[in-house]
Amino acid sequence: MTPSWVRVRAPAKVNLTLHVGARRPDGFHEVDTLFQAIDLADRVEVRWSDAGGGVTLDLDGPDLGPVEDNLAVRAAAAFRRAADLDRGVRIRLVKHVPAGAGLGGGSSDAAAVLRALDHLAGRPLPASALRSLAGELGSDVPFFLGDSPLARGRGRGERLAPCRPLPPAWLVLVLPPVHVATGPAYEALAEARRGTTAPAPPADPDVGSWASVLRSLHNDFEPVVAAAHPRVAASLAMLREVGASPALLSGSGGACFGWSGREDVARAAASDLEARLGWSARPVRTLRAFPGVEPLDGAGG
């Protein structure tokens, strides 16, 4: 029996590499990045609703601005149009992934809604149509809808080459209390590069082991974002000081992460960092698979 109510965990991601190339005619930049999903996640619950036949959102977390701009709502609306559905959709979103942190929380929420509605509606759309919807919603959404939690993204980040998942490993994630908007980050990077040519595309990363991946860690945004946001710079410096290294900015920031490898080391470092910095630090684990869709019928109201 097809359920009428499901839950999907929407994990965050970090960028293990992020190279930014030239600006394209469509206004986007060519990027080359290595995505890795982690176990910090929002909770997305989706059910059918007869209330007006539209999309409603119940948000448990900080205000994210106008409902109609929320990526989860936009994903539901896009799916309903593509699948020609007349049933209403109700979304409950429990936020744990901060916005403006470079962790892809909104994009992951959108992908979770697409997964949920595809399940609820009996998979009315081919996989290619779902991927197309994801790409229209945002550059990072296709990654979260993909098959592997480790993938190389090119183009805007939506052209994916899935990689074989690596064994789970522990990182220390630091969340300085800053909101880094993507547009200004690109503008700052362009200003820093003024008078120079765009860098050449990087060589294919070696993703055969964590040792080889850690040798390749890089983020073009890190110098300009750290210069503009002292708390980001402090987070990176302190990660390295406590031995959570190599350390890197994620996406266009401001979340930062450092390598620990082991759970006990990550937990101790996170506790130390939070006490010394005065803002959130937590141990997180990399994922080997994306969470599946969980039916909730009969589990509550």
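Arginine 24 counts as buried in this predicted model, because its relative accessibility is 18% and buried means under 20%. This arginine sits in the loop between strand S1 (5–23) and strand S2 (29–49). Its side chain makes a polar contact of 3.2 Å with the side chain of glutamate 30. Leaving aside residues up to four places away in sequence, arginine 24 touches His29, Glu30, Gly155 and Arg156.

The largest nonpolar core has 40 residues. Those with the most contacts inside this core are Val44, Val46, Phe79, Ile91, Val113, Leu114 and Leu117. The elements that supply two or more residues to the core are S1, S2, helix H1 (71–83), strand S4 (88–94), helix H2 (105–120), H3 and helix H4 (141–144). Apart from this core lies another, of 28 residues, with Trp170, Ala185, Val232 and Ala281 among them.

Not counting residues up to four places away in sequence, leucine 114 touches Ala75, Phe79, Leu130, Leu133, Ala134, Leu137 and Leu145.

Helix H3 (127–137) and strand S6 (159–162) are the elements that give two or more residues to the lining, and H3 gives the most, with three residues. Sorted by class, the lining has six nonpolar, one polar and three charged residues. The volume of this pocket is about 250 Å³.

Key:
Residues are numbered from 1 along each chain as its sequence is written. This is a predicted model: local features need pLDDT of at least 70, side-chain atom pairs count only at pLDDT 80 or more; totals for chains, interfaces and linings use all residues. Side-chain values use heavy atoms; hydrogens and water are left out. On a 1 Å grid over the protein atoms alone, a cavity is a set of points where a 1.4 Å probe fits but cannot get out, and a pocket is an open set with protein on both sides within 12 Å along at least five of seven lines; lining residues have an atom within 4 Å of a point. Grid points are joined across faces, edges and corners, and a volume is the space filled by probe spheres set on the points. Helices (H or I, at least four residues) and strands (E, at least two) are DSSP runs, numbered from the N terminus. Ala, Val, Leu, Ile, Met, Phe, Trp, Tyr, Cys and Pro count as nonpolar, Asp, Glu, Lys and Arg as charged, and the others, Gly among them, as polar. Buried means under 20% relative accessible area, exposed over 50%, partly exposed in between (1.4 Å probe, protein chains only). A polar contact is a pair of N or O atoms within 3.5 Å; within protein, one must be able to donate a hydrogen and the other to accept it, and residues adjacent in sequence count only if both atoms are side-chain atoms. Contact means heavy atoms within 4.5 Å. A nonpolar core is a set of buried Ala, Val, Leu, Ile, Met, Phe, Trp, Tyr and Cys residues joined through side-chain atoms within 4.5 Å.
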